[in-house]
Amino acid sequence: MWGIPRTRYSDCNGSETSGETEIVLNIGGVKQVLCGDVLNRYPDTRLAQLVNSSTESSEHLSSLCDEYDPGKGEFYFDRDPGAFKCILELYYYGEIHIKRGICPVCFVEEMEFWNIDTYFLDDCCKCELQEAHDELAEIAEKVQTILVDREEDPTARGWQRFQMCLWKLMEKPESSLPSRVIVIISFLFILMSSIVMCVGTIPDLQVEDIEGNRMEHPILEAIETACIGWFTVEYVLRLLSSPNKVKFVLSFMNIIDFMAIMPFYVVLTLTSLGTAMMELANVQQAVQALRIMRIARIFKLARHSSGLQTLTLALKSSFSELGMLLMYMGVGVFLFSALGYTLERSHPETMFTSIPQSFWWAVITMTTVGYGDIYPKTTLGRCNAAVSFLCGVIAIALPIHPIINNFVIFYNKQQALESAAKHEIKLLALRSEECAEKNASRVQRGSVANSDTHIPLLEDSGVGVEPQSWAEACDSSNFSHINPIN
């Protein structure tokens with residue numbers, strides 16, 4: 001058996017009872033002396049196989065370690081000593097914890113080297129590992145999307161090629177400079193339309209029609225019409241170039257785009273039907289409601305703002321905290337409004353005429369707004385108001401911190417994904433250039449040799465071949481390690 005035999009004694013008098021083997025490991029320059037009995041607790045691991053390899057050949061021994069020094073009886077491994085300390089926890093404690101500062105994905109590779117299954121990872125570390133796999137999968141997906149946008153399908157012909165170019169132009173601002181210009185123009189039109197909608201409500205800027213009704217200034221209406229024209233052209237072009245029309249129409253952001261332009265055409269249609277149609281009260285109310293729906297245009301900014309998208313994702317992941325906040329507020333409003341009505345109804349000048357009417361007082365008190373339109377007049381009612389105020393502050397403050405943390409996490413994650421995607425694209429570009437240079441040098445050497453002997457190129461050998469496309473390289477080789485654990 002490889003290693004250093006050590007004699008164990010049963011008492012202080014030196015009576016020999018048994019012997020066990022110690023092996024000396026050098027892990028990246030750090031020496032470790034381990035007992036064979038401890039390592040044999042898990043016989044399928046590399047260290048246990050190393051302890052029990054006394055009858056094996058030198059070739060088998062060299063396959064288990066990087067170097068072996070017979071003089072020192074020392075096995076050398078070119079591995080991370082910090083990660084190896086975590087690996088040793090399996091033999092002593094029966095489970096493994098990933099220390100802070102160690103990449104979970106790299107640590108899984110260390111476990112595979114030492115022939116240790118991820119089953120022995122603690123549950124908390126498994127969650128951390130799964131999060132790392134998910135982040136890498138998102139990076140791979142983002143890189144794949146960017147690379148696909150940069151390339152063109154050679155099999156596309158005619159309308160398909162035009163459709164792909166139009167889709168990239170209207171939907172992928174990172175694909176080209178004209179696409180970025182279109183995004184900026186669309187952003188400016190959204191701001192202009194929102195400003196015109198607000199300015200049009202100022203009485204001094206309004207004009208009167210023949211019947212004396214106030215209406216928007218003609219210049220503002222012209223600007224509004226130009227903005228709607230841009231939004232309409234943009235929506236139609238994106239719809240025509242969309243690869244999946246049904247998915248496009250049912251998308252939340254596209255529904256907002258449609259709702260932003262639909263009121264203009266509905267009002268235009270009702271107006272074109274004649275004054276008799278517009279004189280109906282119901283139709284006028286419908287027109288006013290449709291004009292109010294123009295507010296939805298402001299949500300179009302989310303399409304071009306990563307900050308608003310991050311906020312949406314953070315709120316979406318904070319549904320439990322928001323539900324908790326609403327539950328606290330609902331219970332508090334019901335409780336304190338009922339108490340306020342009970343304590344105030346006997347007062348001759350009471351403002352609490354019913355419990356539902358007291359809901360408004362409870363809401364503005366617990367949210368620390370306090371308009372002053374309704375307030376208690378008895379001493380007990382004021383005490384109830386003070387308690388409801390304090391409870392409202394606590395109820396609002398408790399779930400806010402997790403929501404802020406979710407926003408920070410999503411924002412940092414978004415920045416990391418964008419940086420990692422750009423880094424991967426640069427690496428793929430460098431690898432492609434290296435492959436091209438190697439092929440060129442091989443071809444040049446073959447032409448200089450001027451012999452009949454066939455000099456295989458990289459394509460012939462299959463080594464270091466430049467992939468057919470960056471997207472294939474991203475999909476097949478560069479992210480093959482991104483497989484979630486079971």
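Let me begin with two helices, H8 (residues 177–199) and H9 (residues 218–241), which pack at an angle of about 145 degrees with their axes 9 Å apart; the axes are lines fitted to C-alpha atoms over the stretch in contact, and angles run from 0 to 180 degrees between N-to-C directions. This is a predicted model, in which local features need pLDDT of at least 70 and side-chain atom pairs count only at pLDDT 80 or more, while totals for chains, interfaces and linings use all residues. Residues are numbered from 1 along each chain as its sequence is written, and side-chain values use heavy atoms, with hydrogens and water left out.

Helices here are DSSP runs (H or I, at least four residues), numbered from the N terminus. Contact means heavy atoms within 4.5 Å, and among the residues that make it are Phe 189 and Val 196 of H8 and Trp 230 and Phe 231 of H9.

Buried means under 20% relative accessible area, with a 1.4 Å probe and protein chains only.

Finally, the rings: Phe and Tyr rings, and the six-membered ring of Trp, pair if their centres lie within 6.5 Å, and planes over 60 degrees apart count as edge-to-face. Phe 352 and Trp 361 form such an edge-to-face pair, 5.3 Å centre to centre with 75 degrees between the planes, and both residues are buried.

Note on methods
Phe/Tyr/Trp six-rings, centres within 6.5 Å; stacked < 30°, edge-to-face > 60°. Buried < 20%, exposed > 50% of the residue type's maximum accessible area, 1.4 Å probe, protein only.
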